[in-house]
Amino acid sequence: MSGAHFSHTTVLLNEAVDALVTTPDGLYLDGTFGRGGHSRALLARLSPQGRLVAIDRDPQAVEAATSGDQRIDDPRFSIHHTSFAQMAPLLASLGIERVDGLLLDLGVSSPQIDNPARGFSFRFDGPLDMRMDTTRGESAADFLARADERHIAEVIRDHGEERFAVQVAKALVARREGGNPVLTTGQLSEVVARAVKTREAGQDPATRTFQALRIFVNAELEELEQGLSASLHLLSPGARLVVISFHSLEDRIVKTFIARESRDVVDRRAPFAPEKAMRLKAIARVKPSESEIRANPRSRSAVMRVAERTDVGVAA
Ligand SMILES: C[S@@+](CC[C@H](N)C(=O)[O-])C[C@H]1O[C@@H](n2cnc3c(N)ncnc32)[C@H](O)[C@@H]1O
């Protein structure tokens with residue numbers, strides 16, 4: 001089933017665009033197109049000389065941008081099916097050396113969550129897939145069919161902060177060994193609900209396990225690390241990096257990266273440590289307003305961090 005008709009409510013729409021656009025004639029990169037909420041607002045803000053390159057690793061996002069009634073028909077815009085971790089080779093292939101701003105609005109889009117065929121949600125029954133890029137990689141069901149109990153428990157504990165990770169892993173492996181591996185989101189929810197002994201207010205017991213498997217299957221934390229480090233060399237002096245995270249594991253990576261790249265020397269303890277030529281300056285940390293949270297509860301956990309590239313001495 002195509003995901004083009006599902007919609008996504010953009011989080012921190014104006015805040016992100018305001019933070020990103022420093023020159024309306026610039027060239028910007030939206031590394032997480034989704035359904036293009038930010039991209040459309042960016043295009044509205046840019047001059048006829050401006051340009052926007054968009055990326056999404058989900059083929060259905062790219063399809064939504066290029067065909068059907070939501071497509072973006074604008075000579076200043078192009079979209080590419082790849083991961084933002086691969087933005088450097090993509091931009092090189094387009095003959096682009098530097099961008100004037102980069103936006104990453106992390107995580108999954110509502111069209112991904114709301115489409116049962118994608119297998120992201122415990123709210124709908126469907127095949128346990130969870131891949132953002134359906135053209136490659138291993139589905140969550142494939143992972144659970146082959147991984148040993150320790151590996152499954154580690155993933156659920158480390159990426160979901162689930163206290164009952166060991167019990168969930170044991171139950172999954174016991175079911176698999178009984179010839180009945182988990183193949184659907186509904187089956188996974190059932191197994192988790194039996195293994196997780198305490199209930200958190202307002203939260204389905206499967207929340208943490210689903211989040212953990214999604215992050216693992218899509219290597220979300222590794223992709224983020226790679227994307228951030230690639231961005232440093234691609235941002236023009238004065239350009240902004242704007243990253244919206246939805247959970248503490250992501251935000252910690254973004255915060256640590258900005259803090260590390262904001263230091264003026266490589267290691268302050270080294271006696272003759274050279275100044276770094278390329279630096280970031282933290283500009284802002286923004287949370288959605290009360291009214292945005294009321295209108296779109298998904299925005300509740302969002303944190304936007306903004307940093308600006310500043311150069312000291314010679315350019316990189
Ligand atoms: C929260 S949504 C973005 C929503 C978008 N800002 C909007 O307003 O419509 C996140 C999107 O990023 C994509 N995505 C997540 N990780 C990615 C990665 N490493 N590379 C490229 N796209 C990624 C997902 O497929 C999803 O479409």
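Axes first: an axis here is a line fitted to C-alpha atoms, for helices over the stretch in contact, and angles run from 0 to 180 degrees between N-to-C directions. My helices (H or I, at least four residues) and strands (E, at least two) are DSSP runs, numbered from the N terminus.

I'm working on a predicted model, where local features need pLDDT of at least 70, side-chain atom pairs count only at pLDDT 80 or more, and totals for chains, interfaces and linings use all residues. Residues are numbered from 1 along each chain as its sequence is written, and side-chain values use heavy atoms, with hydrogens and water left out.

**Entry 1: two helices**

I looked up α1 (residues 13-20) and α2 (residues 37-45), and they pack at about 50° with axes 10 Å apart. For contacts (heavy atoms within 4.5 Å), I noted Leu13, Ala16, Val17, Asp18 and Leu20 of α1 meeting Gly37, His38, Ala41, Leu42 and Arg45 of α2.

**Entry 2: the sheet**

Next I traced the strands, which pair if DSSP finds at least two bridges between them. I got an open sheet of seven strands, ordered β3-β2-β1-β4-β5-β7-β6, with mixed pairing. β3 (77-81) and β6 sit at the edges with a single partner strand each, so one side of each has no neighbour in the sheet.

Then I zoomed in on β5 (residues 235-245). On one side, β5 pairs with β4 (residues 99-105) in the parallel sense over six bridges, and I found Asp105 opposite Ile244. With β7 (residues 303-311), β5 also has six bridges, but antiparallel; there Val243 stands opposite Arg305.

α1 lies across β1, β4, β5, β6 and β7, at about 165° to β5. α11 touches β4, β5, β6 and β7, and its direction makes about 160° with that of β5.

**Entry 3: the core**

Last, I looked for nonpolar cores (buried Ala, Val, Leu, Ile, Met, Phe, Trp, Tyr and Cys residues joined through side-chain atoms within 4.5 Å). The largest has 32 residues, and Leu104 is among those with the most contacts inside it. Six residues, the largest share of this core, come from α11. I listed what Leu104 touches, skipping residues up to four places away in sequence: Phe84, Leu224, Leu228 and Val243 are among them.

Note on methods. Buried means under 20% relative accessible area, exposed over 50%, partly exposed in between (1.4 Å probe, protein chains only).
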